[in-house]
Amino acid sequence: MGSVVYDEYAKDRTGYFFGLSGPQLIVTVATGIPAVWALSRQQWGLLLGFLAAWALAATLVLVPIAGRTAIGWLAATLRHTAGGVAGWTRFRARATTGQAGELDEADLPGVLAAITVHDGPPQGIEQRRVAIIQHNATRTWAVTAAITHPGLATADAAERASQGAGLTALLNACARTELVNELLFTVRSVPDDGAERDQWMNRHQQPHAPDLARQVNQGLAALLTRAAVRTEAFVTIVVPEGRLAREAREYGRGVDGRARALAMVMDEVEDHLRAGLRIREVEWLTSPELAAAVRTGFAPGDRASIVDALTAHAANPNVNPDVPWAMAGPSGADLAIRHYSHDAWNSISATIKLPARGAVIGALAPVLAPTEPEERRCLLVAFPILAQSTADKQTASAEWAADMGEELRAKAGVKTRAKDRIALARTRSLDTRLATGNALIRPYAVATVTAPKTQRIAEYGRRLDSAIRHAGFSPLRLDLAQDAAFAATATPLGASLLRTES
């Protein structure tokens, strides 16, 4: 039995006429009207000029270059330039100027600037206060859990298929709650800094041990640290304010009411994670734990000092191991066109395009393998869930557009290619799947590589692209949006590339 290949996905939007969207079709037809007028008047000089102008306009509007049309690139460049002139692309933490203010107030750059982290009500036997993340700009709420998964390296085809079915059940369950609109899986992989091993050796080292044994242990520690890779995984649930506010009325309103409503969703999601996806540990993060995860997201090299502080706190309660939210972000960050600079690190992000032939579970593993010391790889796999009413409307619209496009091609005498036929068949099958109780998901994935500023980040970006291609996918650099991509992939705060400020 071979691994299951998942290829039952279709384009998010289907063009009405030869793959063109409505605005593209309108612009193309409108710019061609002067050429038709010149032809009717038999003014051949004007006709040639209008045809050249029409060809230029069609190229600017229709031809994609690295994922965007020329008009799209122009608009993005103008926004980036305006942001640079206004100082929006540069961030300096308030703590660097001695104006940190309240230590519990988050000071983060870019799309994370408008978040507030609340302590939820005590839960469970340990009375943990789970961190509730409020995105004020996008009007969403989120909670994050650190998860431990055994991996798929030794899993056979049956086990992979079972976990694939478990993921489907989890997404359908999230859709049935009518609360969750996005489920985010974040994985960070970095060469091990050896912090835990150093602590273990300090605790167990014998003062009268032979010198040879000490040398062997030190050599093994250095060798294993260079060869080992540490992986952190998180899952984040995102709920819109409009949905959560209605549910929170039954729990007392306010932050506590929203936290209690989220707790019900957290329990349901955790059950599916443990049963369907074989996740061994699910630990919902408190505010200090989340702040530490954010800090190591911006500065991977700070993890060893945080581990040392936690160890010292276990021996001496007077030691403060927590990272204050006012210092959880970078001391400084700058957005360049092709990379993102934060503290002593640079990062490059790329989206991962789904292959036409489909993919198997675990195919993205090569993307997470660092190639050099101090290099970190991050991967975000996001599952935005459409509401049932929205899914029905979009499916009906896509099916109507597919039928119309096919009819127009037939009347124009244009042969439908095999690729188009497959896309049409997948679009028409969506309605059947929705009718059988499945949710409509708009998945996407983003990968990020982070390296010290002493290294050439462009070279690490090329290696990331090569790893994505080696996994069977196609990379697409997120130029002019590297800061948003980094925030979504490296910090488990529920940032998204689909949601915009409301």
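These legends go with several close-up views of a predicted model. Local features here need pLDDT of at least 70 and side-chain atom pairs count only at pLDDT 80 or more, while totals for chains, interfaces and linings use all residues. Residues are numbered from 1 along each chain as its sequence is written, and side-chain values use heavy atoms, with hydrogens and water left out.

**View 1. The whole protein, for orientation.** The protein has 14 helices and 15 strands, taken as DSSP runs numbered from the N terminus (helices are H or I with at least four residues, strands are E with at least two). Of its 502 residues, 42% are buried; buried means under 20% relative accessible area, exposed over 50%, and partly exposed in between, with a 1.4 Å probe and protein chains only. Among contacts (heavy atoms within 4.5 Å) with a separation of 6 or more, 76% come from residues 24 or more positions apart.

**View 2. Helices α4 and α8 side by side.** Here α4 (residues 157-176) packs on α8 (residues 254-276) at about 170 degrees, with 9 Å between the axes. The axes are lines fitted to C-alpha atoms over the stretch in contact, and angles run from 0 to 180 degrees between N-to-C directions. On the α4 side, the contact uses S162, Q163, G166, A169, L170, A173 and C174; α8 brings E268, V269, H272, L273 and G276. C174 is buried, at 1% relative accessibility.

**View 3. Helix α9, mostly under cover.** Of the 12 residues in α9, 10 are buried, including L290, V294 and F298.

**View 4. Strand β10 with a partner in β3 and another in β11.** β10 (residues 332-335) pairs with β3 (residues 90-92) in the antiparallel sense over three bridges, and three bridges also join β10 to β11 (residues 340-342), again antiparallel. Strands pair if DSSP finds at least two bridges between them. Keep an eye on A333: this residue is the bridge partner of F91 and stands opposite H342 in β11. A four-residue hairpin takes the chain from β10 to β11.

**View 5. Q482 and its surroundings.** Q482 sits in α14 (residues 482-490) and is buried, with a relative accessible area of 0%. Leaving out residues up to four places away in sequence, Q482 touches L335, I337, R338, H339, Y340, S347, I348 and S349.

View 6. W73 belongs to α3 (residues 70-86). L480 is 407 residues away from W73 in sequence, yet their C-alpha atoms are 9.1 Å apart. Neighbours within four places aside, W73 is in contact with I65, A66, R68, D479 and L480.

**View 7. Two loop residues with positive phi.** Most residues other than glycine have a negative phi. Q42, not a glycine, has a positive phi of about 60 degrees; this residue lies in the loop between α1 (22-41) and α2 (44-62) and is exposed at 55% relative accessibility. E374, also not a glycine, has a positive phi of about 70 degrees. E374 lies in the loop between β12 (345-353) and β13 (376-384) and is partly exposed, at 49%.
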